[in-house]
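Thanks for making time. I will walk through one structure this morning, going from individual contacts out to the chain as a whole.

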Amino acid sequence: MDNESKKREQGLDEHKGETSDSADKHAAEPALNGEAQLHTNSVDGDNADGLEPSSLSNEPASQTVKKPVVKNEAWEWAKALLIALGLVFVIRWFIFAPFIVDGESMEPNFDNAERIIVNKILYNVREPKRGEVVVFHAPAEKDYIKRVIALPGETVRVQGDKVYVNGELLDEPYLKEAMDKAHQAGGNYNNRNYAEAKVPEGSIFVMGDNRSFSSDSRMIGPVELEKIVGRADLIFWPANKIHWIH
C-alpha cells in the first residue's frame with residue numbers, strides 16, 4: 001500500500017510538473033506574441049514618426065515659400081503703382097492735360113467752366129490744321145482757347161460774318177446755327193472786322209467762336225506755333241456734355 005501510494009503521489013507530481021510546464025509554455029506565448037505586436041507597433045510608430053517629421057518639415061517649408069510670395073506680390077504691387085504714377089506724370093505733363101474754359105469767348109461751342117482735355121504732343125508731330133481748337137500762351141500770361149482760322153503764309157480777312165482765307169470764303173459749320181439766329185434777328189453774328197493781312201511763317205491766325213466777344217488774333221495778332229500748348233480734344237465735364245471735340 002505504501003508503494004502504491006508513493007507511485008500515485010509521484011504520478012500526481014509528474015502530472016503537476018507537466019501541467020506547470022504547459023502552463024509556462026502557454027504563458028510564454030502571449031508574452032512572445034505581445035513582443036511581436038509591440039515591435040510591429042514600434043515599426044508603425046517609427047514609420048509614423050518618420051512621416052510626421054516630413055509632414056512637419058513641410059509646414060515650415062510651405063511657410064518659407066509663402067513669405068517670399070507675399071513679399072513678391074507686395075513688390076509687384078509697388079512696381080505697378082510706381083509705373084502708374086510715372087505714366088500719370090508723363091501723360092499729365094507731356095501728353096495730355098486738363099484745362100478749364102474761362103469766359104464766353106468760345107460760346108456757343110464751349111461754355112464757361114467746362115473742363116477739357118488738351119493733347120500736348122500732337123503738334124510735335126504735325127502743325128495745326130484749320131478749324132482745330134487750340135490752347136496757347138497769350139501775351140497776358142494766360143492760356144487762351146481759340147479756333148484756328150488761317151495757317152502760316154495764308155492771307156485772312158474778316159468782314160461781318162464772312163471770313164476769307166486766301167480770298168476764298170471760309171465754310172464754318174460750327175457757327176452756322178448761331179449765325180442763322182443772328183440773321184433772323186436782323187443783325188450780324190460778328191461785329192468786329194479785320195482787314196486783310198498775311199499770317200507770318202511759324203504762326204497761325206485764331207479767333208473765338210463768339211466773334212463779337214473774343215480777344216483773339218484780330219487784337220493780339222497771330223500766335224506763334226511755339227506758344228501753342230496743344231489741341232483741345234475732349235470735353236469731360238460736366239458729365240452730361242462729355243464728347244470729343246474733333
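I start with a charged pair: arginine 231 and aspartate 233 form a salt bridge, with the closest N and O atoms 2.7 Å apart. Keep in mind that this is a predicted model. Is arginine 231 buried or exposed? Its relative accessibility is 16%, and the cut-off for buried is under 20%, so arginine 231 counts as buried. Aspartate 233 is buried as well, because its relative accessibility is 9%. The pair also belongs to a network: salt bridges with shared partners join Arg126, Glu132, Arg231 and Asp233.

In the whole structure, the search finds 12 salt bridges. I will show two others. Arginine 218 and aspartate 216 meet through their side chains, at 3.0 Å from N to O. Arginine 218 has 11% relative accessibility and therefore counts as buried. Aspartate 216 has 0%, so aspartate 216 is buried too.

The other one is between glutamate 114 and lysine 241, at 3.7 Å from N to O. Which parts of the chain does this pair link? Glutamate 114 sits in the loop between S1 and S2, and lysine 241 in the loop between S11 and strand S12, residues 243-244; the two are 127 residues apart. Glutamate 114 is at 4% relative accessibility and so counts as buried. Lysine 241 is at 33%, so lysine 241 counts as partly exposed.

Next, the nonpolar cores. The largest one has 13 residues, and the members that touch the most others are Phe99, Phe110, Ile116, Val118, Val133, Val135 and Ile145. Four strands each supply at least two residues of this core: S1 at 96-100, S2 at 115-119, S3 at 133-137 and S11 at 228-237. Which strand gives the largest share? That is S11, with three residues.

Setting aside neighbours within four places in sequence, valine 118 is in contact with Ile95, Phe96, Ala97, Phe99, Val135, Val229, Gly230, Arg231 and Ala232. Arg231 in that list is the arginine of the opening salt bridge. There is also a second, separate core of 12 residues, and Phe136, Tyr144, Val148 and Ile204 are among them.

Now a sheet. Four strands form an open sheet in the order S7-S6-S5-S8, with antiparallel pairing. The edge strands are S7, residues 168-169, and S8, residues 194-198, each pairing on one side only.

Going along the sheet from S8, three bridges join that strand to S5, residues 155-159, and the two run antiparallel. S5 then pairs with S6, residues 162-165, over four antiparallel bridges. Glutamine 159 has lysine 162 in S6 as its bridge partner. The hairpin of S5 and S6 has two residues between the strands, and glycine 160 takes a positive phi near 60° there.

S6 and S7 are also antiparallel, with two bridges. Tyrosine 164 is partnered by leucine 169 in S7. What sits between the strands in the hairpin of S6 and S7? Again two residues, and in this hairpin asparagine 166 has a positive phi near 55°.

In H3, residues 176-184, the residues Ala178, Met179 and Ala182 are buried. They span an arc of only 95° around the axis, which means they lie on the same side of H3. The general rule behind this is that an α-helix has 3.6 residues a turn, so residues three or four places apart point the same way. The other side of H3 has Lys176, Glu177, Lys181 and Gln184, which are exposed. Just after H3, glycine 186 takes a positive phi of about 90°.

I will finish with the totals. The protein chain has four helices and 12 strands. It has 246 residues, of which 28% count as buried. Among contacts between residues at least 6 apart in sequence, 56% join residues at least 24 apart. The accessible surface comes to about 16500 Å², and carbon and sulfur atoms account for 57% of that.

How values were computed
Residues are numbered from 1 along each chain as its sequence is written. This is a predicted model: local features need pLDDT of at least 70, side-chain atom pairs count only at pLDDT 80 or more; totals for chains, interfaces and linings use all residues. Side-chain values use heavy atoms; hydrogens and water are left out. A nonpolar core is a set of buried Ala, Val, Leu, Ile, Met, Phe, Trp, Tyr and Cys residues joined through side-chain atoms within 4.5 Å. Buried means under 20% relative accessible area, exposed over 50%, partly exposed in between (1.4 Å probe, protein chains only). Contact means heavy atoms within 4.5 Å. Two strands pair if DSSP finds at least two bridges between them. Accessible areas come from the Shrake-Rupley method with a 1.4 Å probe; for residues, only the protein chains shown count as cover. The arc is that of the directions from the helix axis to the C-beta atoms. A salt bridge is a side-chain nitrogen of Lys or Arg within 4 Å of a carboxyl oxygen of Asp or Glu.
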